[in-house]
Amino acid sequence: MSSTSQNNRVYALCDANSFYASCEKVFRPDLRNTPVVVLSNNDGCVVAQSKEAKAMLDLWMCRPWFEIEEEAKKLGVVAFSSNYELYANMSNRFMTILRQFAPRQEVYSIDESFLDLTGIKRDLVAYGKEIKDTVMKWTGLPICVGMGSTKTLAKLANHCAKKQAHFNGVCDFTSMSQTEVDAMMQNLPVSKVWGIGNKLEAKLNKLGVHDVLRLKRADPKRIRDEFGVLLERTIKELNGESWLELDETLPEAKQVMSSRSFGTRVTSLQELEEAVSFHATNASARLRKHGLYANAVYVFIQNSPFDKAQFYGASLTVAMPSPTDNTLQVNRTALWILKKLFREGIYYQKAGVMLMELVPSQGQQTDLFGFTLGEGKASKLMDTLDSINQRYSKGTIKLASEGIHKAWVMKRGLKSPNYTGEWKELPVAL
């Protein structure tokens, strides 16, 4: 990729604040000023905190919940299990709103999106405030907006917008003088630059590069010789040369994975079969959603590496006779693999199914022996299955092998209702 010759490029990074915790607060106005934390799978560790929780519990991030639960409750902290369905729906709404503010958009993560604001003839700080206020009004999510002449500068500006209150959530480097921007960079550790982690920061510190301004003024050639071309381009981006273009297309998936830790210890083959069937169904539905077919099925099962018993983890990949997106075929193969892997007398803690060597539907090669069921009755069956589950709720129709009671499912004892995805869980105004 070569540098752009334009000097008037403007990128914006829109980032939702404490996204998981903010999603939980949208439908709970009584928690507006309450410290909120969100827990990982099986209510294990703290993975997200509201700004109120960060103020008192910042050192608790990634700590096991059982270690801090008693103290947190004394401080008035409210905890939620991860509600992935809610977060995905809120993310989709957030990204859809942003799309109307720019001709080009890159969805960078579940809570971050780059916008290309080049050529917009408006006060960009006011425009950023309009974006911020619109998202808040239409979704209830607080966001910050950072703007710069490169994506790296926009990312850095977003950090300033979030951490420095006087910006009121919108920081535009393009409207500041170079002296002002350099002064801000001098007060930021080099780790605040996009792509610089702990190990790279330590190496840069040894060379005397402690703040962002020092990195910006470093010799690009020396940095390239020492660290490679990616960091050289980062320096050029900090100096206003745009090397990272907006990526408006989603990368083609290399594999589709469905996996979760169990809420309880699992010992029986039947319970494992239910879990693997569930993951096979889930992965197959995702496959069809993206118009892809799988050439191979991978299954793994394992106990906990922290268990007193000796660790056991096993996996196996089986190639399919021809590419498929059919749930029945994937499930049949996955259960056959499971029986090869299963051992008696082990407390299993996790299982998963991965569909691999994916090809687009229009590029699949059929076989001569009738295995491929991409056409005809099987295809119509899968379409019907997907449409019913989409119209009503996920799992309305499922394979019998998935079981009914599912004692193995992930523990989410503190999960909030799926306000945006289940009719029975819609919020009710009293």
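**Entry 1: α6 against α11**

I looked up how α6 and α11 lie in this predicted model: they are roughly perpendicular to each other (65 to 115 degrees counts as such). I took helices as DSSP runs of H or I with at least four residues, and strands as E runs of at least two, numbered from the N terminus. The axes of α6 (residues 151-163) and α11 (residues 229-238) come within 7 Å and cross at roughly 70°. Each axis is a line fitted to C-alpha atoms over the stretch in contact, with angles from 0 to 180 degrees between N-to-C directions.

I then checked which residues meet. From α6 they are Lys151, Thr152, Leu153 and Leu156; from α11, Thr234, Glu237 and Leu238. Contact means heavy atoms within 4.5 Å.

**Entry 2: second largest pocket**

I looked up the volume: about 1400 Å³, the space filled by probe spheres set on the grid points. A pocket here is an open set of points on a 1 Å grid where a 1.4 Å probe fits, with protein on both sides within 12 Å along at least five of seven lines; lining residues have an atom within 4 Å of a point.

The lining has 46 residues, and Ala16, Asn17, Ser18, Lys54 and Lys162 lie nearest the centre.

**Entry 3: ground rules**

Local features need pLDDT of at least 70 and side-chain atom pairs 80 or more, while totals for chains, interfaces and linings use all residues.

How values were computed. Residues are numbered from 1 along each chain as its sequence is written. Side-chain values use heavy atoms; hydrogens and water are left out. Angles under 35 degrees count as roughly parallel, over 145 as roughly antiparallel, 65 to 115 as roughly perpendicular and the rest as oblique.
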